[in-house]
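User: I want to go through some labels on this model and what each one rests on. Please set each value against its definition.

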Amino acid sequence: SDHMENIYGYLMKYTNLVTGWQYRFFVLNNDAGLLEYFVNEQSRHLKPRGTLQLAGAVISPSDEDSHTFTVNAASGEQYKLRATDAKERQHWVSRLQICTQHHTEAIGKNNPPLKSRSFSLASQGSANSPGVQRRPSQNAVSFFNVGHHRLPAGKRVPIMQPDHLVDVREMMSQAEGQQRDLIRSIECLPVSGHLTSLDQDLLMLKATSMATMNCLNDCFHILQLQHASQQKGSLPAGTTISWLEPKISLANHFKNGAAQNFPAEINKPASVREEQSIAEPCQLTREPEEINSDEELEDICDDKEDDLGAVEEQRSVILHLLSQLKLGMDLTRVVLPTFILEKRSLLEMYADFMSHPDLFVAITDGTSPEERMIRFVEYYLTSFHEGRKGAIAKKPYNPIIGETFHCSWRLPKSDIGTDAGGNCPAQPPSEQGTLPKDTEGQAELDYYTVKFVAEQVSHHPPVSGFYAECVERKMCVNAHVWTKSKFLGMSIGVTMVGEGILSLLEHGEEYTFSLPCAYARSILTVPWVELGGKVNINCAKTGYSASINFHTKPFYGGKLHRVTGEVKQNVTNTVVCRVQGEWNSVLEFTYSNGETKYVDLTKLSVTRKRVRPLEKQGPFESRRLWQHVTESLRDGDIDKATEHKRALEERQRNEERLRAETETPWCTKYFLKEGDGWVYHKPLWKMVSAAQTQQTDTN
């Protein structure tokens with residue numbers, strides 16, 4: 001009760017009527033459970049400009065910054081507010097949450113009617129009925145009206161008996177019909193004028209009503225299972241009661257709620273027919289292809305993802321999509337709208353993490369196990385910044401099973417410094433290993449070559465394998481990643497399940513590592529990327545390890561993109577290096593000798609990858625496979641990009657269905673399944689081992 005005092009003061013309120021923010025005087029009326037606002041403090045004695053009923057509301061601090069928060073009323077209305085600082089935001093959020101909880105509990109006990117913003121569906125009939133023809137003075141508040149019903153005094157809700165499920169089904173059918181009428185009425189509104197079909201409040205109403213019906217259907221499904229268990233005494237073995245999949249297909253993308261009608265097959269562009277008619281991958285050659293790096297040219301493509309225009313224009317599609325998702329829902333099988341896609345495949349994104357190959361090949365130059373571990377940590381932390389294409393959070397293409405990506409980097413030897421192991425004691429040839437004859441000639445070149453190959457080895461679950469090697473430096477890295485994405489409300493979380501192994505053959509060392517989680521925040525406003533979670537790097541042979549924490553920003557205070565970590569010797573438990581900073585800005589490394597080094601990631605030189613021209617790529621190489629989608633996105637033609645994307649996805653589904661019917665297993669091209677992981681079919685360590693065996697046999 002000490003915290004139930006009325007509070008008031010100025011906050012900034014975002015409005016759709018006037019672009020931007022405006023100062024308004026807000027009053028929290030605890031007794032009535034209302035949040036009211038006025039133009040200014042002097043007009044407080046007048047009628048409020050706006051009122052929100054807090055019973056059943058959700059108060060949410062925004063993850064955009066430390067000043068903003070939202071008040072989401074049970075009626076669907078939302079206030080987006082901004083305090084002067086983080087402390088004031090916390091004060092308002094705390095008081096609002098206390099008031100909300102108090103009045104929500106009161107409703108649960110007394111069951112009074114809600115005094116909510118009432119949306120009225122004027123027409124229960126056709127969209128052309130007189131009720132739909134509104135006067136210019138009508139707005140969204142007066143046009144829609146949803147009533148709240150209360151049982152007569154003294155009556156109690158009876159316990160639901162199995163035979164009442166028929167009545168429930170009938171009531172739900174009526175509700176579904178009313179919800180369809182609601183959607184139809186909104187969609188029949190003009191696209192311009194005083195009240196339009198693109199009104200943000202109406203779009204939110206469409207989304208929330210659809211989500212409500214989906215939730216009710218799930219609850220009804222659970223009641224049916226419980227009814228079945230009562231009749232049989234127990235549920236059948238293996239039966240689980242869980243949330244259902246969305247009732248509306250997410251494969252269809254909507255504009256203002258209407259499904260797009262794509263051209264008939266005869267009118268489809270030749271490129272789409274080509275995408276749909278590419279032969280079953282296993283019927284093509286699945287033999288590994290040796291890529292000639294001399295055919296690769298320096299990449300001139302520079303698709304930065306800083307354009308938010310399409311996201312803002314397609315807000316109605318985002319709201320429609322969100323209306324079908326549930327907290328914690330696995331997004332693996334959800335087809336996302338095309339306009340939020342990056343212009344590259346996920347396989348190419350993994351290659352872009354290698355954009356500092358000079359730091360990669362320099363790892364093996366470390367003169368001690370300690371130095372090599374620290375060098376690997378430095379390289380690891382610098383890889384994520386360039387892997388992102390701009391500050392806007394967009395999603396790379398989901399790779400098609402069998403899709404591959406090849407590229408390489410060339411590094412002048414003069415830029416790397418000493419040769420690998422130049423400061424290390426010389427080793428006899430038998431210990432160093434001998435490279436195969438077909439790679440010995442590369443030692444005469446004045447540059448090092450780092451080769452990269454990635455392949456989508458599984459569709460469900462979505463698993464990618466990638467491998468990179470520098471033969472001249474006797475080092476390679478092999479990794480497999482299973483991307484698991486979940487809906488978290490106003491964010492999407494992606495867990496990178498898998499493991500990578502860096503092999504330094506010159507030293508006989510292997511470094512195992514994992515990857516952090518990624519989050520797309522503020523997906524209804526300006527989406528941005530955040531990394532989070534703890535990753536570990538270990539070298540069993542040397543006993544050195546590293547622990548790195550990617551910190552997500554807390555609701556109250558804190559910095560964005562913060563990372564901390566330490567490198568230690570496990571036997572002595574001695575910390576030999578500490579790191580702190582931001583993974584996309586400046587990192588500070590502090591060593592055991594007291595020295596400190598700063599790395600500004602925004603100023604690090606980026607080595608452009610080399611890629612074969614499209615005409616020399618195979619039909620399942622990423623850039624050729626997605627070329628029509630990418631071209632359409634560059635041209636800003638979202639409809640055409642969606643058409644090409646759907647053709648690829650439909651072909652993949654048909655192929656998967658055919659393999660299931662014929663019980664034909666999928667055959668990978670470059671990676672082999674070993675235990676729970678995937679390993680490149682011809683890793684450098686096998687080549688060196690084979691060369692050693694051949695040399696021993698010759699001697």
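User: Which residue in E3 stands opposite Phe25?

Analyst: Phe38 in E3 stands opposite Phe25. This is a predicted model, where local features need pLDDT of at least 70, side-chain atom pairs count only at pLDDT 80 or more, and totals for chains, interfaces and linings use all residues. Residues are numbered from 1 along each chain as its sequence is written, and side-chain values use heavy atoms, with hydrogens and water left out.

User: Why are E2 and E3 said to pair?

Analyst: Two strands pair if DSSP finds at least two bridges between them. Five bridges join E2 to E3 (residues 34-38), so the two pair, running antiparallel. Strands here are DSSP E runs of at least two residues, numbered from the N terminus.

User: What makes E1 and E2 a pair?

Analyst: Eight bridges link E1 (residues 7-14) to E2 (residues 21-29), in the antiparallel sense. Tyr10 stands opposite Phe25 in E2.

User: How do you know that H16 has close to its expected span?

Analyst: The expected span is 1.5 Å times one less than the number of residues. H16 (residues 638-662) has 25 residues and an expected 36 Å; its first and last C-alpha atoms are 36 Å apart. Just after H16, Glu663 takes a positive phi of about 55°.

User: Why is the lining of the largest cavity called mostly nonpolar?

Analyst: Ala, Val, Leu, Ile, Met, Phe, Trp, Tyr, Cys and Pro count as nonpolar, Asp, Glu, Lys and Arg as charged, and the others, Gly among them, as polar. The lining divides into 13 nonpolar, one polar and no charged, so the label holds.

How values were computed
Helix = DSSP H or I, 4+ residues; strand = E, 2+ residues; numbered from the N terminus.
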